[in-house]
Amino acid sequence: MDKKMVPRTEQEIESIIKRLKRIEGQVRGVQKMVEDNRYCIDILVQISAITAALNKVGLNLLERHVSHCVSKAIREGSGEESIRELMDVIKQFSK
């Protein structure tokens, strides 16, 4: 495990996995919609829902990272590196 990381609790892991499995099911549903030659707008609405759900998972992870890992790094004197890393991932996340 990375020294910079603050381990997630079992409850946090469970919650993230539950959300990702729900998203996985949505993706399978969209695949089935395409196979069934469903109306484009219906598929696009589902893709939008999947994108929103993934963004929510990402933002929750980002918030946790700032609250735990970044704050720990700042307390331990390695905040600059952690903030630079955070900004890089925020830039990537917002593309």
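## Pockets and core

The lining of the second largest pocket consists of Gln11, Glu12, Ser15, Ile16, Arg19, Val57, Asn60, Leu61, Arg64 and His68. The model is predicted, so local features need pLDDT of at least 70 and side-chain atom pairs count only at pLDDT 80 or more, while totals for chains, interfaces and linings use all residues. Residues are numbered from 1 along each chain as its sequence is written, and side-chain values use heavy atoms, with hydrogens and water left out.

A pocket is an open set of points on a 1 Å grid over the protein atoms alone, where a 1.4 Å probe fits, with protein on both sides within 12 Å along at least five of seven lines; lining residues have an atom within 4 Å of a point. A volume is the space filled by probe spheres set on the points, which are joined across faces, edges and corners.

| Pocket | Volume | Lining by class |
|---|---|---|
| Largest pocket | about 320 Å³ | 8 nonpolar, 3 polar, 5 charged |
| Second largest pocket | about 180 Å³ | 3 nonpolar, 4 polar, 3 charged |

In these classes, Ala, Val, Leu, Ile, Met, Phe, Trp, Tyr, Cys and Pro count as nonpolar, Asp, Glu, Lys and Arg as charged, and the others, Gly among them, as polar. The elements that give two or more residues to the lining of the second largest pocket are H1 and H2. Helices are DSSP runs (H or I, at least four residues) numbered from the N terminus.

The largest pocket, with a volume of about 320 Å³, is lined by 16 residues, of which Arg8, Leu61, Leu62, His65 and Cys69 are the closest to its centre. H2 and helix H3 (79–93) each supply at least two residues of this lining, and H2 gives the most, with 7 residues.

Beyond its neighbours within four places in sequence, Ile23 is in contact (heavy atoms within 4.5 Å) with Ile50, Ala53, Leu54 and Val57.

Gly58 lies in helix H2. Is Gly58 buried or exposed? Gly58 is buried, because its relative accessible area is 15%, and buried means under 20% (1.4 Å probe, protein chains only).

Terms used: Buried means under 20% relative accessible area, exposed over 50%, partly exposed in between (1.4 Å probe, protein chains only).
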